[in-house]
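This report describes selected features of the structure shown here.

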Amino acid sequence: MKHRGGEQWLYLAPALIIVTFFLIYPTLVTIYQSFFSFSGIYPKNFVGFLNYNRAFNDQSVLIALRNNLLWIVLMTSVAVGFGLLLAVLFDRVRYEATAKSVIFLPMAISYTAASVIWRFVYAYRPPGFPQIGLLNALLVNMGRFVAQPPVQRPLQVLLALLAAVGLLLFLIGLTRGSWEAIRGWHEGHRLDFVGVSIVAGLALLAAAYLAQGIGAAKPGSWTYLFIPFAPWQLLVGLGGGLLLLVALRDHLWGPPLLPVLLIALLLRFILSQAGFQPEAWLINRPWANNLALIVTGIWVWTGFCMVLLSAAYKGIPRELLDAARIDGANEWQVFWSITIPFMKPTIAVVTTTIIIFVLKIFDIVYVMTNGNYDTEVIANLMVKTMYQFFDFGRASAIAVILLLLIIPFIVINIRQLRAQEAVR
Amino acid sequence: MLKRSLTLLLITGFALVAMFTLTSSNAATAATAMAAQGRTLDFVTSFAGQELTAFQKVVDAFTQKTGIKVNVEPVSRNMATVLGARVASGNPPDLANLPNPGLLDTFAQAGNLVSLDWFKQTAVFKEQPKAFIDLGTLNGTLYGIFPVASLKSLVWYDPKEFAKFGYTIPSTFGELLQLQDQMVKDGNTPWCIGLESGAASGWPGTDWMEDFMLRSAGPKVYDQWVAHDIPWTDPRVREVFQLFGLFANDGMAFGGRKGILSTNFGDSVAGLNTTPPECMMHRQATFILSFILKAHPKLVAGKDFNIFPFPSFNSGPAPLEGGGDVFVAFKDSPEMHQLIEYFASVEAQELWAKVNPGRLAVNKDVPASAYPDPVTAKAAKILSSAEVFRFDGSDLMPAAVGSGSFWSAVLDFVQGSKPLTTILCNLEASADSAYKSGAATGPVGNCK
């Protein structure tokens with residue numbers, strides 16, 4: 001099609017003007033300003049690359065860069081991974097819409113509100129005083145439960161056991177149908193969401209209790225995760241693992257059981273770290289507090305990933321999946337050879353989108369720690385330098401660095417979007 | 001019917017006319033008085049909101065008394081810039097209140113301020129504490145007076161608990177250390193300290209350290225430290241951190257280090273009055289009173305909680321840390337003299353303390369009845385008996401240090417996550433790039 005002289009510019013003009021005034025102009029000013037020493041009061045002094053030089057020699061900038069990397073790696077992989085898992089699993093669940101809404105709900109909350117919520121989850125009060133934080137309250141109460149010496153209180157243990165067995169029987173009876181459904185998962189039956197949750201929850205509790213051992217809790221060391229298994233625990237673990245492998249191969253119980261075991265392991269790790277004492281999650285550096293912040297981000301973003309990936313999953317032609325199954329492929333093979341390749345462009349877009357958001361992460365850090373205790377990130381440092389320290393030049397330099405870091409991902413993102421459109 | 005409403009209309013009309021005549025005659029009298037005095041004073045102020053309303057009331061009382069009109073001109077942002085611009089363009093106000101004595105020095109050195117030495121001959125001069133006169137003096141000339149101030153160097157405690165265990169108010173720093181050891185021996189936790197304050201976490205620790213600096217090294221070194229004439233790696237600064245470590249530590253403060261770091265400054269004071277009490281003492285400024293009453297609304301000031309000044313190293317009166325506005329004059333006139341004298345008087349300050357609770361009168365003779373409760377009255381008494389008074393140092397430092405690296409240094413130090421030398425070297429590095437002046441700027445030994 002031939003364009004007549006410049007008519008297209010007429011249509012482009014409004015958007016172009018807006019973009020120029022609100023995006024290009026501020027960007028250029030920021031770049032310009034980054035070469036000056038300026039505190040908001042004139043004169044501005046030209047300092048060349050001093051602001052950049054300082055940025056890369058400043059401890060807080062280096063920590064911020066390290067943390068941004070940690071955020072990218074952990075939050076992107078976990079949020080996209082969980083999103084993918086949920087998108088595929090929820091497709092087989094009876095209450096798909098409800099389940100998805102629940103996971104997507106955090107996305108409807110502002111980051112600031114989400115951060116405030118999680119600040120309460122992580123809240124710390126000294127040991128021996130009522131815990132107001134959800135996580136520490138759970139921890140302390142679980143500690144009380146485990147710390148009861150079973151030999152000294154046989155009656156209580158007996159009662160607890162009876163109650164547990166009774167509950168288990170009741171639940172099995174209740175979810176008998178679901179149980180069948182789980183076993184028939186590979187035959188394409190839809191999973192019963194509630195049934196799976198109940199069974200998974202019970203398995204989780206049992207696994208956590210067993211894995212913890214009794215009286216073996218010794219706080220504070222990373223190696224604790226691997227070392228102090230008593231021999232009998234090791235045997236039970238190995239035997240259990242072997243049984244699990246068999247189960248996986250024959251009955252494909254993997255998808256529901258694997259996450260349960262992973263969570264149990266994670267729980268055990270957290271418990272071993274804390275030793276049932278309340279922990280100051282937002283203060284313990286450098287890993288616990290950064291992880292605590294990242295978990296908040298994951299909580300918010302998983303729903304977003306899930307929704308996009310779910311849409312892509314539903315776009316896969318069913319005949320292809322059915323054909324593969326008829327040809328004798330099991331679910332894993334179908335997943336890796338058909339589902340993943342088909343969803344690749346969407347996964348790439350979601351991943352780059354998350355990376356861009358994560359590079360700009362600000363609210364969560366600002367509200368929960370303000371970058372204290374080595375949790376600084378670039379965007380928060382920029383805001384701090386600008387509005388707390390009134391150092392416009394250095395803030396601009398940090399902004400430019402952030403911009404340079406983000407540009408490659410924007411390019412990838414746009415390319416992938418185009419590729420995706422080309423496929424359609 | 002019609003007649004009645006006509007009468008009503010007439011009456012209303014008459015009343016209106018009468019009212020109008022009355023008001024205009026009032027205005028005329030005021031105008032005559034103004035003409036007699038000849039001059040309207042221009043006062044640029046940084047007060048805003050509730051504080052501005054209170055200030056206006058104090059000024060109105062002056063106008064009512066003397067007939068001198070004062071035009072209060074609020075400047076919500078950056079006093080230094082606005083005043084600087086007005087002075088430069090030859091249009092300074094008659095008076096202004098400056099938020100800190102650093103600005104007084106700047107304007108006085110530039111020759112913009114009028115000497116207030118005449119004030120020393122007035123009757124109200126004797127009612128002013130020496131500390132505040134010193135603070136308003138530069139090179140022997142008085143440039144500014146402080147009508148009201150706030151006070152930070154206070155220790156809050158529950159008198160009932162002190163009586164129960166037989167604790168006495170320490171009058172020296174040594175006695176304070178003995179007292180906290182005794183408390184530990186009795187199974188009590190001496191202190192409640194909360195450093196969490198959202199994006200400003202750490203600031204309560206800087207107040208502690210400023211109090212230590214005033215006591216261990218004295219006001220002169222304090223000023224040098226604030227102006228960055230001595231580096232952060234100076235042994236005297238190091239000592240201040242170490243002194244803070246004697247208090248903000250496991251076993252000494254409720255919840256230990258982790259508790260100190262995760263407790264909000266406003267929540268921590270509640271521990272004084274819980275049953276059983278979480279701690280025995282809390283060091284905080286006068287404003288914390290409202291937090292105590294918010295946590296425990298039924299408490300009675302003076303009976304359930306009280307204050308004593310954070311003691312000095314020797315037995316003399318404690319040096320005090322706080323804040324306040326210094327009133328300076330840019331133009332000389334008899335009306336300005338009257339206004340300055342008025343602000344320094346018992347009359348003005350008593351009114352001010354009443355209309356703006358939380359502000360403490362500096363004048364020694366302001367009666368305790370001016371305050372809403374005995375604890376605030378006591379704080380005012382402590383303030384007006386000051387021999388040394390200094391402004392919150394971290395507020396005077398460049399923001400990148402005073403509201404940035406100093407705060408995080410406090411947190412790092414309490415957590416014990418970095419060696420003190422590293423913390424001080426980081427602080428010195430940030431001060432180096434943030435200060436425009438200061439003798440200590442430049443490379444420093446001990447740091448790499």
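## Position and burial of A:Met75

In this predicted model, A:Met75 is located in helix H3 of chain A, which covers residues 59-90. A:Met75 counts as buried because it has 24 C-beta neighbours inside 10 Å, where 20 or more are required.

When neighbours within four places in sequence are left aside, the contacts of A:Met75 are A:Ile294, A:Gly297, A:Ile298, A:Trp301, A:Ile354 and A:Val358. A separation of 9.3 Å lies between the C-alpha atoms of A:Met75 and A:Thr302, although 227 residues part them along the chain.

## The nonpolar core

In soluble globular proteins, nonpolar side chains tend to be buried together. Here the largest nonpolar core comprises 185 residues. The residues with the most contacts inside this core are A:Ile354 and A:Ile398 from chain A, together with B:Val328 and B:Leu383 from chain B. Helix H12 of chain A (residues 287-314) contributes the most to the core, supplying 12 residues.

Which residues does A:Ile354 touch, leaving aside its neighbours within four places in sequence? They are A:Met75, A:Thr76, A:Ala79, A:Val80, A:Trp301 and A:Cys305. A:Trp301 is also among the contacts of A:Met75.

## Contact between the chains

Between the two chains, 16 residues of chain A are in contact with 21 residues of chain B. The chain A side of this contact consists of 9 nonpolar, 4 polar and 3 charged residues.

Chain B contains 19 helices and 14 strands. Its length is 448 residues, of which 44% count as buried. Considering contacts in chain B between residues at least 6 apart in sequence, 75% link residues at least 24 apart.

Strands of a sheet pair through backbone hydrogen bonds, either parallel or antiparallel. In chain B, an open sheet of 5 strands is arranged in the order S2-S1-S3-S12-S6, with mixed pairing. Strand S2 (69-74) and strand S6 (144-145) form the edges, each pairing on one side only. Strand S3 (residues 95-98) and strand S12 (residues 326-329) run antiparallel and are joined by 4 bridges; B:Leu95 stands opposite B:Ala329 of S12(B).

Helix H4 of chain B (residues 101-109) packs on this sheet, where it touches S3, S6 and S12, and its direction makes about 15 degrees with that of S12(B). Helix H14 of chain B (residues 334-344) lies across S1 (40-45), S2, S3, S6 and S12, and runs at about 170 degrees to S12(B).

Key
Residues numbered from 1 in each chain as written. Chains lettered and ligands numbered in written order. Predicted model: local features only at pLDDT ≥ 70, side-chain atom pairs only at ≥ 80, totals over all residues. Contact = placed C-beta atoms within 7 Å. Nonpolar A, V, L, I, M, F, W, Y, C, P; charged D, E, K, R; others polar. Core = buried A, V, L, I, M, F, W, Y, C linked by C-beta atoms within 7 Å. Buried ≥ 20, exposed ≤ 12 C-beta atoms within 10 Å, placed from the backbone. Helix = DSSP H or I, 4+ residues; strand = E, 2+ residues; numbered from the N terminus. Pairing = 2+ DSSP bridges. Axes fitted to C-alpha atoms, helices over the stretch in contact; angles between N-to-C directions.
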